[in-house]
Amino acid sequence: MDNRNVLNNAPNDITPDLRLLIVGQKRTGRSSAANTILGKEVFNTWGGAESAVAHGESEGRHLMVVDACGWGSDENLVPKQEKLELFNALSLCEPGPHVLLLVIPLLHFSHSERAALKKRMEILTEGVWRHTMIVFTLGDRLRDSIQDYIQASGTDLQWLMEKCRYRYHVLNNKTSQDRKQVCSLLDRAEDMLMENGGWHFSLHMYCRMEEEWNRREREMRERILERQTGRGLAVVPNHSRQGGLHVNDTLLKLVSHG
Ligand SMILES: Nc1nc2c(ncn2[C@@H]2O[C@H](COP(=O)(O)OP(=O)(O)OP(=O)(O)O)[C@@H](O)[C@H]2O)c(=O)[nH]1
Ligand SMILES: [Mg+2]
C-alpha cells in the first residue's frame with residue numbers, strides 16, 4: 001500500500017459511514033478543514049501536499065476524509081497533472097465520495113476564481129453539484145453574519161451558491177476544538193446523503209448518464225426535425241446549453257418555409 005495516500009488507517013472492522021472529499025484551490029484551508037473535521041492534526045498544512053486519505057471517528061461518525069491536491073488558477077485549461085490528481089483523489093475515495101466539500105475562503109470570490117473552479121468541476125460532470133457543499137474557511141474573519149456576507153457578495157458567489165443549492169457551512173479552523181461547528185457540518189452532510197437517496201458520487205455513473213441523456217436528446221431532436229421538415233419547418237437547436245441532463249430547455253426555433 002502506498003503510504004503517502006494512507007495516513008491513518010482505520011481498523012479492518014470499522015467501515016467508514018461517511019466518505020468526504022475535500023476539494024478547492026491551493027492554500028484555501030483544505031487540509032486545515034480536514035483536520036478540524038477529524039479533530040486531529042492528520043494532514044500537513046505546510047503546503048503543496050499530494051492527495052491523501054485519512055480515517056477517523058468524529059462526533060460519533062466513522063469518517064473517511066480525502067484531502068485532494070489543490071487546484072491551480074488557470075481559467076482556460078486544466079493542466080493534465082491536475083486532472084490526474086483529481087482522478088487520483090477520487091480513487092482514494094472508492095467507491096466514491098458521499099459528499100464533496102468545496103473549500104472557499106471567506107475573502108472576495110472573484111470572476112477568475114469562478115472560471116477556474118467551473119473548469120475543474122466540469123471534469124466531474126454536471127451531476128457532481130448534487131453532492132457538493134461549500135465550506136467557507138477563515139470563519140474567524142467573518143465580521144457580519146454569513147447571510148450578510150453572501151448577500152453583499154457579487155454575482156460570482158451567487159452563481160456558486162445556486163450551483164450548490166445554498167448548501168454551505170462556515171468553519172473556523174483556528175478554533176478546531178469547537179466541535180459544534182463540526183457536528184453541524186456532519187449533520188448537513190448526512191442530510192445531503194439522504195436527499196441523494198444514500199447515493200455516493202460516481203464519475204463513471206454520471207458520465208454514462210450524461211451520454212445517455214445526450215443520446216436521447218439527439219434522437220428527440222432528429223425525430224422533431226423529421227416531423228417538422230415533413231411540414232416545411234426547420235429546427236435550430238440551442239448549442240449554448242451546458243451539460244446534457246435537461247431536455248426541456250432545447251430552444252426550438254421554427255422557421256416556416258412558406
Ligand atoms: N485564520 C485562519 N487561517 C486558516 C484557516 N484555515 C486555514 N488557515 C491557514 O491557511 C493556511 C493554509 O491552510 P491549509 O489548510 O494548509 O490550506 P490548503 O488548502 O490545504 O493548502 P495547500 O495544501 O498548500 O494547497 C495555513 O496557514 C492555515 O493555518 C481559518 O479558518 N482561519
Ligand atoms: Mg493542504
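**Starting with a helix**

Colleague: Which residues in α3 are buried?

Modeller: In α3, the buried ones are E113, L117, R120 and M121. Buried means 20 or more other C-beta atoms within 10 Å of a residue's own, exposed means 12 or fewer, partly exposed is in between, and the C-beta atoms are placed from the backbone. Helices (H or I, at least four residues) and strands (E, at least two) are DSSP runs, numbered from the N terminus.

Colleague: Why do those four count as being on the same side of α3?

Modeller: Because they cover an arc of only 95° around the axis, which puts them on the same side of α3. The arc is that of the directions from the helix axis to the C-beta atoms.

Colleague: What sits on the face turned away, and what covers the buried side?

Modeller: The face turned away carries the exposed residues H111 and S112. The cover over the buried residues of α3 includes α2 (80-92).

Colleague: How far apart are the end C-alpha atoms of α3?

Modeller: They are 19 Å apart, which agrees with the 18 Å that its 13 residues (111-123) should span at 1.5 Å a residue. That expected span is 1.5 Å times one less than the number of residues. Just after α3, T125 has a positive phi of about 75°.

Colleague: Before I go on, what kind of model is it?

Modeller: It's a predicted model, where local features need pLDDT of at least 70, side-chain atom pairs count only at pLDDT 80 or more, and totals for chains, interfaces and linings use all residues. Residues are numbered from 1 along each chain as its sequence is written, while chains are lettered from A and ligands numbered from 1 in the order in which they are written.

Colleague: What's the mean pLDDT, and where is it under 50?

Modeller: The chain's mean is 85, with 83% of its residues at 70 or more; pLDDT is the predictor's confidence in each residue, from 0 to 100. It stays under 50 over residues 1-15. Residues 238-258 are also below 50.

Colleague: New topic: how many helices and strands are there?

Modeller: The chain has 7 helices and 9 strands.

Colleague: How many residues of α1 are buried?

Modeller: 9 of its 9, so mostly covered by the definition of buried. They pack against several elements, including β2 (18-24), β3, β4 (61-67) and α6 (179-195). Just after α1, G39 takes a positive phi of about 75°.

Colleague: What about F43, buried or exposed?

Modeller: F43 is buried, with 21 other C-beta atoms within 10 Å. It lies in the loop between α1 (30-38) and β3 (52-58). F43 and D67 are 24 residues apart in sequence, and 7.8 Å apart in space, C-alpha to C-alpha.

Colleague: How do β3 and β4 run?

Modeller: Antiparallel, joined by 7 bridges; strands pair if DSSP finds at least two bridges between them. They form a hairpin with 2 residues between them. V53 stands opposite V66 in β4.

Colleague: Which residues have the most contacts inside the largest nonpolar core?

Modeller: I22, V65, V66 and L101, in a core of 47 residues. Strand β5 (residues 99-105) gives the largest share, 6 residues. Such a core is a set of buried Ala, Val, Leu, Ile, Met, Phe, Trp, Tyr and Cys residues joined through C-beta atoms within 7 Å.

Key. Two residues are in contact if their C-beta atoms, placed from the backbone, lie within 7 Å.
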